[in-house]
Amino acid sequence: MAETTEQSTGLFSPYKMGKFNLSHRVVLAPMTRCRALNGIPRPALATYYAQRSTPGGFLISEGTSISPTGPGFPHVPGIYSEEQVEAWKKVVDAVHAKGSIVFCQLWHVGRSSHPVYQPGGAAPISSTSTPISRRWRILLPDGSYGIYPKPRQLETHEIPEVVEHYRRAAVNAIRAGFDGIEIHGAHGYLIDQFLKDGINDRTDEYGGSLTNRCRFLMQVVQAVVGAIGADRVGVRISPAIDHLDAMDSNPLALGLAVVERLNKLQTDLGAKLTYLHITQPRYTAYGQAESGRPGSEEEEAQLMRSLRSSYQGTFMCSGGFTRELGIEAIAQGNADLVSYGRLFISNPDLVLRFKVNAPLNKYIRKTFYTQDPVVGYTDYPYLNKESDSRREPLSRL
């Protein structure tokens with residue numbers, strides 16, 4: 001199949017992301033897959049990530065718990081124990097053998113959890129004691145869906161310990177061989193629960209003003225940067241996303257407040273973070289695009305343009321992108337990199353398919369969060385049917 005001239009638009013062109021030289025701009029987005037039995041990465045994870053690796057490609061791992069209180073899904077991996085660090089080494093080695101760069105996404109779900117996932121059956125921790133509404137349901141270990149419970153609001157004096165958990169997790173990720181880490185500050189999880197005024201109802205120095213609501217995120221960023229260096233740290237936020245009731249009264253002001261603080265930190269350090277990763281507003285309830293009030297699409301586009309123009313560094317977008325939208329985002333200068341989730345689940349050779357404009361495999365949503373190490377995980381076919389996890393279908397890229 002012949003390559004298209006659309007390669008010249010930039011999505012398939014090289015990019016220097018800090019100290020990392022990328023061969024294209026198509027990034028594997030972090031996606032929960034529930035295949036790390038009992039929190040330990042298994043051989044299937046090495047196969048899965050290696051399948052999606054390309055020479056000079058960039059992968060971000062699924063959300064990886066920073067502590068035993070972090071999970072909110074069954075069988076998600078952690079990066080807080082020695083056994084987990086050792087298991088991740090095999091995954092990272094498999095990715096590096098294919099020539100890719102891989103970051104570990106550091107994750108704590110906060111109130112988006114359940115006592116069944118918590119040590120001793122405790123209530124999940126959060127910025128607030130208000131539970132997620134019944135609009136949402138949590139996936140339980142037996143495959144059923146339950147109601148989110150009332151969380152426990154963190155005491156002010158407890159917050160530095162959680163920051164320390166992020167720092168230790170970052171150090172562990174580097175020990176496991178990851179090239180860097182992404183701080184998950186998006187999608188209604190713990191950091192986002194501090195950022196959004198629709199959730200954060202605190203009256204201490206972590207609540208109220210934008211400065212206070214950004215404090216926890218910035219403490220995490222500073223701790224992690226101090227441990228592993230700014231050039232190994234990415235940050236993900238989603239100021240305009242309503243996922244898990246994560247709403248804010250002024251998403252643009254919130255996004256710009258985070259960007260302003262990240263820019264200042266970079267100036268003070270004399271070094272840049274690896275990237276800022278922002279989810280498009282069209283990623284909403286249950287991952288579906290939301291059609292709403294007149295003019296909302298233009299407002300959302302303006303928000304993203306404002307954040308893009310304000311941030312001083314590599315800017316990555318995600319959330320419902322197609323091949324065409326990715327090409328457009330890079331060509332118009334609206335992003336440096338585009339990360340893909342669901343399309344990458346069902347197309348291990350997504351970069352090649354995009355490059356030659358080939359048909360895509362359809363993803364099977366019901367297998368997203370099962371524990372099967374093969375079905376819906378490593379069994380999606382390549383464009384070249386003779387290719388498998390041991391043969392690199394992108395060697396010519």
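**Close-up views of a predicted model**

**View 1. Welcome to D204, a buried residue in a loop.** D204 counts as buried because its relative accessible area is 17%, where buried means under 20%, exposed over 50% and partly exposed in between, with a 1.4 Å probe and protein chains only. This is a predicted model, in which local features need pLDDT of at least 70, side-chain atom pairs count only at pLDDT 80 or more, and totals for chains, interfaces and linings use all residues. Residues are numbered from 1 along each chain as its sequence is written, and side-chain values use heavy atoms, leaving out hydrogens and water. The loop that holds D204 lies between helix 4 (190–195) and helix 5 (210–213); helices (H or I, at least four residues) and strands (E, at least two) are DSSP runs, numbered from the N terminus. Leaving aside residues up to four places away in sequence, D204 touches T156 and N212, contact being heavy atoms within 4.5 Å.

**View 2. Here helix 3 meets helix 6.** Residues of helix 3 (159–175) such as I159, V162 and Y166 are among those that meet helix 6 (215–228). On the helix 6 side, the partners include F216, Q219 and V220. The contact's residues divide into 13 nonpolar, one polar and one charged (Ala, Val, Leu, Ile, Met, Phe, Trp, Tyr, Cys and Pro count as nonpolar, Asp, Glu, Lys and Arg as charged, and the others, Gly among them, as polar).

**View 3. Strand 11 and strand 12 run side by side in parallel.** Four bridges join strand 11 (residues 233–237) to strand 12 (residues 275–279); strands pair if DSSP finds at least two bridges between them. Look for V235, whose bridge partner in strand 12 is L276. Both strands belong to a closed barrel of eight strands, running 3-4-5-10-11-12-13-14 with parallel pairing.

Note on methods. Axes are lines fitted to C-alpha atoms, for helices over the stretch in contact, and angles run from 0 to 180 degrees between N-to-C directions.
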